[in-house]
Amino acid sequence: MAEQVTIKIRSTISGYHYFHVRPHVDVPLLVEREENNKKDPKAMSVRMPVLSSIPSHLHNCVTREADKRHPTQTVSNIAGKQVGRVPANLCGTFRRILDGGEATLSCNYLGTVKLSVLPPAQQAYQHRPKFDRQGGGAVCKCTYHVTVPVGRRCEVLNLLEDTVDKMGGDNKVMKE
């Protein structure tokens, strides 16, 4: 296998207001194509791994205390569940990187849930104008990890920087 390099992108996981799954900061999250999303063919989901791939000492860790509408969440009862989605404007770029071969994606939750800082016009799916709507839901702060062969580093870094520059907000490609 070729030598690999990992590029990090500080961004968010969209959809906390819909999925209500708060991951644990010590559990790397899966980033996968969401092939059956009828509204967005480029969508990518962020999921908790299955319980058997999470260290057992984390299984009973509380990730969200109970409130009026939701019970207490632990790692074991959210294992395998969808946490949210990759922001729409990153999805197309991530798919291009995966389609280029020998790439993997993962995500780490940074422990913060907050309202989106983007103005409503920038929160909608920019690549699907007929479905645009105001956003503004809660997002989970995270770091995406894009791992590619060293030979693809410049190509992938340029793609990510172009995308992140257009997104604005708190999104940032982390330099080594």
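Two strands count as paired if DSSP finds at least two bridges between them. Strands (E, at least two residues) and helices (H or I, at least four) are DSSP runs, numbered from the N terminus.

This is a predicted model, in which local features need pLDDT of at least 70 and side-chain atom pairs count only at pLDDT 80 or more, while totals for chains, interfaces and linings use all residues. Residues are numbered from 1 along each chain as its sequence is written, and side-chain values use heavy atoms, with hydrogens and water left out.

**Whole chain**

Followed along the sequence, their pattern is β-α-β-β-β-β-α-β-α-β-α-β-α-β.

**Strand β1 and its neighbours**

Select residues 4–13, which form strand β1. Three bridges tie β1 to strand β9 (residues 172–174), and the two run antiparallel. I9 stands opposite V173 in β9. Ten bridges join β1 to strand β8 (residues 138–149), again antiparallel. Here I13 stands opposite C140.

**The sheet**

Now select the open sheet of seven strands, in the order β6-β3-β2-β7-β8-β1-β9, with antiparallel pairing. At its edges are β6 (82–85) and β9, each pairing on one side only. On average, neighbouring strands are turned by 30° against each other, direction ignored; axes are lines fitted to C-alpha atoms, for helices over the stretch in contact, and angles run from 0 to 180 degrees between N-to-C directions.

Move to strand β2 (residues 29–33), which four bridges join to the antiparallel strand β3 (residues 44–47). The bridge partner of R33 in β3 is M44.

**Helices on the sheet**

Select residues 88–99, helix α3, which packs on the sheet and touches β1, β2, β3, β7 (104–115) and β8. Contact means heavy atoms within 4.5 Å. The direction of α3 makes about 20° with that of β8. Next select helix α5 (residues 153–167), packed on the sheet and touching β1, β8 and β9; its direction makes about 15° with that of β1.

**Cysteines**

Return to C140. It is buried, with a relative accessible area of 0%; buried means under 20%, exposed over 50%, partly exposed in between (1.4 Å probe, protein chains only). The closest cysteine sulfur to that of C140 is in C142, at 8.0 Å, too far for a bond. A search of the whole structure finds zero disulfides, a disulfide being a pair of cysteine sulfur atoms within 2.5 Å. C91 also counts as buried, at 1% relative accessibility.

**Last view**
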